[in-house]
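Trainee: Could you show me how to read the features of a protein model, step by step?
Mentor: Gladly! Let's look together.

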Amino acid sequence: MELDLWQETLLQAIVLGTPLLFVASGELLGQKVGVFNIGIEGVMLMGAVAGFVGMHESSNIAIGILSAAVFGALFSSLFALATVVFRANQVVSGFGLWLLGLGLSSQIGRGYTGIRASNPIERWEIPLLHDIPIFGPVLFAHLWAVYLAFLSPLLLWFILQRTRHGLNIRSIGEDPAAADTTGVAVTAWRFLYVSLGGGLVGLGGAFLSLGTSQTFTQFMTSGLGWIGLAIVMFAGWQPLRLILGAYLFGGLRALDFAAQSADWNIPSEFLAMLPFLGTLLVLLVGAWRFRNRPGASAAPAALGISFFRGG
Amino acid sequence: MIVEDNAPRSAIAPLVEMREVTKQFGSLTAVNRVDLDIHAGEVHAILGENGAGKTTLMNVLTGLLKPDSGQIFLDGSEISISSPRKALELGIGIVHQHFRLVENFTAAENLHLGWNDTPRLAGNKDLIDRTHALAKQFNLDVEPNARIWQLSVGEQQRVAILRTLSRGARILILDEPTAVLTPPEAERLFEMLRGLAESSNRAVIFISHKLDEVITASDQVTVLRAGSRVNTLRTVDCNQELLAEMMIGRHLDTQPAPPAKDLGPAVLVGKRIVVRNDRGLPALENIDLELRSGEIIGVAGVAGNGQRELSEVLTGLRSIDTGQIFVGDQELTNADPADFLRAGIGHIPEDRYSSGLVSSESIEHNAILRAFRDPPIRRGLFLSPADIKNHAEQLVNTVKIAVRDLRSSVRALSGGNAQRLLTGREIAAASKVLVAVHPTRGLDVGAAEAVRQVLLKARDSGVGILLISEDLSELLSLADRIVVMFRGRLTGEFNKYEYDVNTLGLLMGGSPVEVS
């Protein structure tokens, strides 16, 4: 079926928003327990390369996806070890993680660059829904990982807002001392969820190398991890708003494609810049909303602060 | 017929036994070989001054701190309390002085946090319904959907108490539970504690430095001094003088302060002040207030009736909806806090650690917070280290606190010393007016007396003082006039010697009273 320009742009917005949704969901999970991981760009690259290598060596897409999640989680657990267990500064450790991810993924991926993915993520057209006029082909004819990404913030929302465990882990991000007092295992849960969040970020990377690009290239995430950080802020730390944020930023990226296909007279560089301009705006708006409550924000109150019992 | 229970207490096996428990922090021995027996069915008071080791001892019992040596027995068998979670599992629950509630969470969320009785699947509405039920069960007035930061300290405490009670602790520990309560509330609390203790297998421990409440509310009292246990007594065998002597080793001066002599002109005037609180509800309704130079006006009332908003309004921290505020001849309606400071208003806030002091900063830097904008400390664009040091040294000497290193963190000071530092700093800044909120809360008898003397001295030098306190005896002793706050209104005004405690108590509880 031929899509018109707007349908194509919306479709692209969802496709380009998908890695952002994985990354932002993973980052949100870590931030909800109070750990600010600015190194997710590096985690994403590790997921991209681990996913590609796993798929290539096994010729099995499931193993590829799984290894992206596992290596994303393991790589993030390094960061969790430094910041949660040894209480290193989260910003400095995050930069370290980013740079390590850049170098390590390039090194591992060296022998795999230029190879096409033999078993990429497949397209699933959802029966019936796909036949809905206009929206069907836009919403329900995607790579299957797109649906998975859409589910991850829903799952996060359910766990965080509708379960006892979610209440407990949210308290870790708000006030670890209070959580500790009531018997919540602050260090263990922080470690676990920072790592699991890394698994989601890894999936975001694998979506690129196994889904949209279907090949691994050095530094292929090109700043998506950083935009993921902004989407968490844009969402005001609310899981469901991640969906809006990710597809909105995906839409900004899709405009570039639309402009090229429609021959708009707008420089491509300007359009490519939009997501980052949007990031800046998100930060400004975030600060503006709380101008009347100094020190307050929608962020978890203990975000970025190491926890020492009795401190 | 009454059958007397002649069995000596020691013959009954204690519920909890602590044997020779010692806890050191560096070179300081906070708790030194302390023995403690807690029996089921008793209310046991732990009495001592600040720094006597009461809180440390209880932190050991609740698994927050590991003892360096000593043993703990529960029902006769030795236990190791490795964490607060373990303590909760064993049935040992504590309501801390700082309640350890999550500020951004609702009361309902705080109540259900880290609790195995919380249903695994529970949305906000479930939590609110359950909180309503629990609040009713324990007869505590708690608003489930209010966030903690929106509540007064007194309201927060109710959430914390309800939380610990809900979890069915067999041993309920309260760290200075009445510090924020009015007398009727405290009475109700102790009645409830008594009921809890008398139901089988429960014991209540409360930490206190208030002699009268120890006498009225406890069955047994253990007195600590400088980390060591002085004695454990049946409360019926004690009186206040005896306990005071054991606690501080000297007699108390309990005479009321002399009244103000020369009243000067009005230094702080509020006219028809109307304010909404953080939840958008009316907090202050048509407050008229005139504070004159050289007098202390005491504001009595239950926490959460607008005292916090009043203190914030009068120091520029909160803007008002309608009304006017004058300092001297100068109108300061909705001016900056800095303008209030420049006009000569000092402020001892409700919570010294979150708004009075910067707890991550040094003693030195905390000492200059009100003075660093001006010479000699400020030299053009820079601050002069030598003058910072001088200023801090002078302040520390004036308020008589022993400090080894001015650059050490202000957290290293005990509660009493931190409050003295804050009081001294604010009085130095208060050339016209001092707004003091619970200035002696959480302080031991000696430290509280020192702070009161400083307040009286400032009053006699011509400063007008607005003293917001829930300690009625403190207000009766210090205030030249007392006003009562109830639901954002001033409901009564009395001159020194013209009030009686019953009338004040009734007004604080909102009962209409004929004021003659």
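**Reading the fold together**

Mentor: In chain B, among contacts between residues at least 6 apart in sequence, 67% join residues at least 24 apart. Two residues are in contact if their C-beta atoms, placed from the backbone, lie within 7 Å.

Trainee: What should I know about the model and its labels?
Mentor: This is a predicted model: local features need pLDDT of at least 70, side-chain atom pairs count only at pLDDT 80 or more, and totals for chains, interfaces and linings use all residues. Residues are numbered from 1 along each chain as its sequence is written, while chains are lettered from A and ligands numbered from 1 in the order in which they are written.

Trainee: How many helices and strands does chain B have?
Mentor: Helices (H or I, at least four residues) and strands (E, at least two) are DSSP runs, numbered from the N terminus. Chain B has 17 helices and 22 strands.

Trainee: How do I read burial, and what percentage of chain B counts as buried?
Mentor: A residue is buried if 20 or more other C-beta atoms lie within 10 Å of its own, exposed if 12 or fewer, and partly exposed in between; these C-beta atoms are placed from the backbone. Of the 516 residues of chain B, 49% count as buried.

Trainee: Why does A:Gly197 count as buried?
Mentor: Because A:Gly197 has 29 C-beta neighbours inside 10 Å. A:Gly197 is found in helix α9 of chain A. Leaving aside neighbours within four places in sequence, A:Gly197 is in contact with A:Gly26, A:Glu27, A:Leu29, A:Gly30 and A:Ser76.

Trainee: What is a nonpolar core?
Mentor: In soluble globular proteins, nonpolar side chains tend to be buried together. A nonpolar core is a set of buried Ala, Val, Leu, Ile, Met, Phe, Trp, Tyr and Cys residues joined through C-beta atoms within 7 Å. The largest one here has 159 residues, and A:Leu20, A:Ile231 and B:Leu61 are among those that touch the most other members. Helix α9 (residues 186-212) of chain A gives the most to this core, with 13 residues. A second, separate core of 75 residues includes B:Leu332 and B:Met508.

Trainee: How can I check the length of a helix?
Mentor: The expected span is 1.5 Å times one less than the number of residues. For helix α15 (residues 445-460) of chain B, with 16 residues, that gives 22 Å, and its end C-alpha atoms are 22 Å apart, which agrees. Among the buried residues of α15(B) are B:Val451, B:Val454, B:Leu455 and B:Ala458.

Trainee: How do I read a sheet?
Mentor: Start with pairing: two strands pair if DSSP finds at least two bridges between them. In chain B, four strands form an open antiparallel sheet in the order β2-β1-β4-β5.

Trainee: Which strands stand at the edges?
Mentor: β2 (28-38) and β5 (77-79) of chain B do; each has a single partner strand, so one side of each is left without a neighbour in the sheet.

Trainee: How many bridges join β1(B) to β2(B)?
Mentor: Seven bridges join strand β1 (residues 16-25) to β2(B), and B:Val21 has B:Val34 as its bridge partner in β2(B). Five bridges join β1(B) to strand β4 (residues 69-74) of chain B.

Trainee: What do β4(B) and β5(B) form?
Mentor: A hairpin, with two residues between the strands; B:Asp75 in the turn has a positive phi of about 50°. Within that pair, B:Ile72 stands opposite B:Ile79 in β5(B).
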